[in-house]
Structures are given as structure tokens and as C-alpha cells.
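Biologist: I have a model open here and would like to go through it with you. Shall we begin with a single residue?

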Amino acid sequence: LCRGGLAERLCRLQNRERSAISFWRHQCISDDRIPSDKSGVLVVKILEIFEECTIQVAICQQLEQSPATLSPEDAVISAEEPILKVLFTRETAAHLRSRPQDVIHIYPPWQKLLLQNADVPVIMNTYFSQKVLLSEHSEAREKTYGLTKMLIRKNIISLAQTFRLDDLDDKLQQESSDNQVPCAPQTHNSSDSKQHPLALSAVNDSLLEMVESQGAVGWREVQVRVTIQRVYCLPAREGYRSHTQGNKPLCARPVTNSDPPNVRLCLLVQDAYGMFSEVQLQFLSSTDDIEQYCRRWEGKSCCLAGMKILQRTTRGRALGLFSLIDSLWPPVVPVKVPGQSQDSEMMTTNLPPPSFCYVLTVQSGEIHVEVDEEEQISNLYQPPAVHDLKEILLIDGCNKRCSFWAQVLYRRLQTKHSVPIDQREMLLFVTDSTLQDVAHGIPKVVAVSVTASCVLSMEIIEALSAGSQLVFFKDALWGNGRIICVERTVLLLQKPLLCSAAGADLSELTGPVRLDELDSTTQASSVCALRGTVVGVNESTAFSWPTCSRCGNGKLELCPQDRELLYCNQCSEVVTTPVLKMQLEVFLSCPSRPQSTVKVKVRHEVSIALFVLLTLLLFLQTYEVQSVLGKEVGLLNCYVHSVTSHPNCVALEEIVLL
């Protein structure tokens, strides 16, 4: 807030007001009596209660100053006594818990408002109010009533009615007599639903209006119509707390095993006024369900009911959520503007992006999300704009959402020993035809970091384990030269039903994949192609081991019957022709980095170029190390572990592409 500005002064005034009210109520409770000063006290008896725009309105009859012995039952209504309309804020109403026939004392400074063309005065500023309980009978009745639910009628006033708009189609036609909900939270069960059925016929088109009129405890008797912009999963243990930390995952993990997934289905919805909301629905029995929900629900209109507010979050507290919202802004069609006529010339998209978002969840045991899957795609829906990798690498800015097709060539789990295995990030090295065709300046392969908060389906995990796959990355995050899959990023093997492609659809690569050769621009945690001359061998780190030719088991034992043969416990058979695997570190002289020491960890089972070299070096007794020095090797596909300048050294490991 600007120092000395109106907003800061208003904030201080509200804080002082709240403090004064709390102190007055505490004083009344501690004194256990009604304040003795009766000057200016307004005594009213409640005849009827209803709620309108989050304000509780009580139709009351003004009473004369009642004596100390007067009970609420003895306060007889007289036709001569005036009728008043008393307004109570939600906090005051919750404190009073008043009912019809209750007597309320309203202490100064209350105010009376006389409206034109209205016979009933309005009483405002009723913060200092107290219910009168003067007899034991009244106290007993209060305790009895406190155990029962009080139904309050809610008058739902639409913006069209408020501003007297001419468009009759935008008016919300509701019968207020059907809109009765409990004034206190309650557990919904079948018996209650029979006594007080949900009036789900009333449909609104404004999320903000529903929140303001129904309150934080949720709404049941009305629906709000929205468009589903995105469908995704969030780790359940992370819940809505992930929004408060932006892109930093909290206690989240990718689903990488056969255990029941602890993930929750979520929707990012948008109403006719352009406002967004994240709806957290039920837990999924399988992460593979996310793909079918994406195909069935995205782009469709739906009606929400039975929702409650989990959190009101802002841009600074939810960077990940708002980066996705920003990718959907401005709307593709003009949106409605509250308080203006909804004629086409008054609709505009020249609006600032949203600065807050409500996170909604379902009421306990109730899910009311009606999606008309047969309906046409909503005009408000924005499908993901698909770009090729070359275009993405040239995007300016930070925290930009992007969608693309890419061929996954190699995957690697980050090996940070301080982090549990199921919470480590995974690197996917991907490419497409636009990167393979470039000559210089743009890498041929880029790394995509998959964080622990990104939920992967078992279908994706199994497909990447089987081999190279063409994967659709939807709503990944681009910034600071990196592509990151964070929460709300979805990986799919099939093309979405609708997507806005910048160019032709990408297909699988037909020719051999080329990697960038090692040079002065190569960075750690990347992949490259390597060629050079052997200048040294680290014999102390060389080792070899036999593996089973059938299952690949590397822990073979001596056969009990014949000590000269090997035995595989997994196959329960004798291994007559084991596959020998070996590992060795060699030092190369590379013309692309003449000043650097290049150390490569090579493996027999993956290296074709060094197969003969290593076999002779390790197993022929008459072969000397000096005889392999000066041999040319390459091209080797390698993963770069580290690049240091002091000393000038590059550590690599030979890899096999998927």
C-alpha cells in the first residue's frame, strides 16, 4: 500500500474497527451482563431473516426500552410499533446466531438510512449488537435451538438485475423460496437431501458472483457454467499447498511404481467474464485416466455445484498456476464486463490479466461436475499452441508455457544422493526435425527437466523404458534457457483432439539422429558426440563382470555340480556362454577442445568403437597399454557429467540412445 494513501488509511481504520468490536464483545462476556448504559440503544424483535449479497437482513419490529424482567416471549408485537430492516454483516450474524422472535439490543453508533420510495427504514453499522437472554427459560431454549440447523433464505441477485440490463437472456430467474441453505456448515447426507433438495436448476455464468453471494463455505443450490480449459493431475500430498510455493514442489513425487497413485484430478476453468478457477476433484485410481479425461473434457462447457473455496491465491504466491493462466490470456473471444451492457460493442478483450484465482474443491462426499461431452467445443476454449523446438528456443522471456512434439532419445535420473530416489528429477533429452536440420547456433538435442511435482502416467513411464518415443509435451515451462515439466504439465503419447499448430504436424525422425560434437560451448548435464585420440588409460578403475546371456543378470554364481561353469539364480539354469561386460576410463585428446583433459567412462556392452580395443587391453596378457595409445575413436554418444575450468577437464560417460 502507498504510504499515507487512501488504501493504507482505510486498512488502519478497518483494523481499529475490528479491535474495537472484539474488545467490546470480550468485555460483555467477561462482565456476564448487558451493558448498563442504555442511552441510544435500539431494541428490536426479529420477525424474519434472509440473506442477500453476503449480508444478513432482518425484518424487525422496534420495541420500547424493555424492563429487566422482560423476556423475549413477553415482548408482544404491537401494530403501532415501527418496522425496521436491520443489516448484519456475516461476522456479526455468526456471533449473534439469531432467529425469529429473538430480541436484539443494538448499541451506538448505529445509523438509520431512509430510502426514497421505501417505507421501511434501514438500520446499518450494527457491529455492537447483543442478543437478550433474560430468563432461564430463554437460556434453555437457546441451548436447544443451538443443536438444530437454522435455514436462512438467500436472495440471489444477478448483475443483470442490479444494473437493470435490457438483455433478458442474461437475467437469472430464481425463486427465492427454493433457495434455503443452512447458516452453519453441516454434513450432507441422504436424509437431508430429501428434506431440502438442491435447487440445481438455477445456472449462473460468473464465478466471482457465486463466490460473493454464496460465501466461502460453498454453494449448493445454484450452478455456475464454465469452460474447461485444461485437465491435469496434482500430487495429492502436495494439495493446494503447491500453489503457495510457485514452481517449488512440496513433498511431491512422480508416480513411478505400481502402487495406487496418490494424485488428484484437477480442472482449470474459465467463466464468461474471463475469470479463472482451479477445481480439485476426486483422487484417480490410475494415472492413465488423465489422458481420457483430457480427450473427453477439455474444451467442453460444464456446470459446477457443491463447491467450496479451498484458497484464494495470487500471482506472487502461485507462479506455476498463473504462468498457465497467462498462456490462456487474452481470451480468444470477447468476454463480458461486469456492470456493462452485454451488447457486442461493449464486450472487450482489452483487459488486464487476472491477479487472483480461487482454488475450489468439492464438498465432503459430494461431486457435482456436469460435463456435456456431446456438446460442441466452447468458443472460449484455447487449445495448446504447438510450436517446434527451434521456435521455443528463440522465445524471449521467462516462465512461458509451451507445447511441442519431440522424440525422446535418452533419459537419465538425477543422482543427488541427499534426495530420495522417488523424489529426484528426471532429464529427457529430446529433438525434432527442426533441430536436426539446423547447421550452427542452435543445439541439435535439448534437455527437458521433469520435476518431481509433474505427474507422469504409467503409460508414459513404460513407453520411455521400452525405447524412443514421440511424446507430446503440453504446457511445459520455458525460461532461462531451460524447458521444465512442472505441476500442471501433461505428457501424452497421442495427439490431443484440438491443438493449434504453428506449422506442419511433426512425425518421427526417419534418418539417424545427430548429436552436437564436444566443443567449447558444451555444458554439464548435456549429451554430445565425441571423437578423439587415446592418450591414457586409468587401469585402477578397470573392471569386468560376466552376465547371463538370457536375462542379463550380473550376479552369477559358480555351478555346484561343475565349478568351472556359472549358474544364474534368476533363470535357474547353467550359463554356458556368459556375456562379458567391462568398464574403463580412458583419456582422449580432442581437437574440438585441445586445452582440456577429456575423461570418458566407456562400457563394453555399449561401445562398438572400443570393443576390440578394450578386449585386447584387458584380456590379452601379451598386449601392452602403450600399444593402444594413439588409437582413433569416435563417434561416441556421451553424457557430460561435469565441465571444469580449474583444472580444465571434461568428464563424460558413454551412453546408448533409446
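Biologist: Is Cys590 buried or exposed?

Modeller: Cys590 is buried, at a relative accessible area of 1%. Buried means under 20% relative accessible area, exposed over 50%, and partly exposed in between, with a 1.4 Å probe and protein chains only. This is a predicted model, in which local features need pLDDT of at least 70 and side-chain atom pairs count only at pLDDT 80 or more, while totals for chains, interfaces and linings use all residues. Residues are numbered from 1 along each chain as its sequence is written, and side-chain values use heavy atoms, with hydrogens and water left out.

Biologist: Which residues does Cys590 touch?

Modeller: Leaving aside residues up to four places away in sequence, Cys590 touches Leu518, Leu530, Arg531, Gly532 and Val598. Contact means heavy atoms within 4.5 Å.

Biologist: Where is Cys590 found?

Modeller: Cys590 lies in the loop between strand 30 (579-589) and strand 31 (597-603). Helices (H or I, at least four residues) and strands (E, at least two) are DSSP runs, numbered from the N terminus.

Biologist: Changing topic, why is helix 6 largely enclosed?

Modeller: Six of the eight residues of helix 6 (residues 207-214) are buried, so the rest of the structure largely encloses it. Those buried are Leu207, Glu209, Met210, Val211, Ser213 and Gln214.

Biologist: And what do the buried residues of helix 12 pack against?

Modeller: They pack against strand 19 (400-413), strand 20 (426-431), strand 22 (469-479) and strand 24 (490-492). The buried residues of helix 12 (residues 458-466) include Met458 and Leu464.
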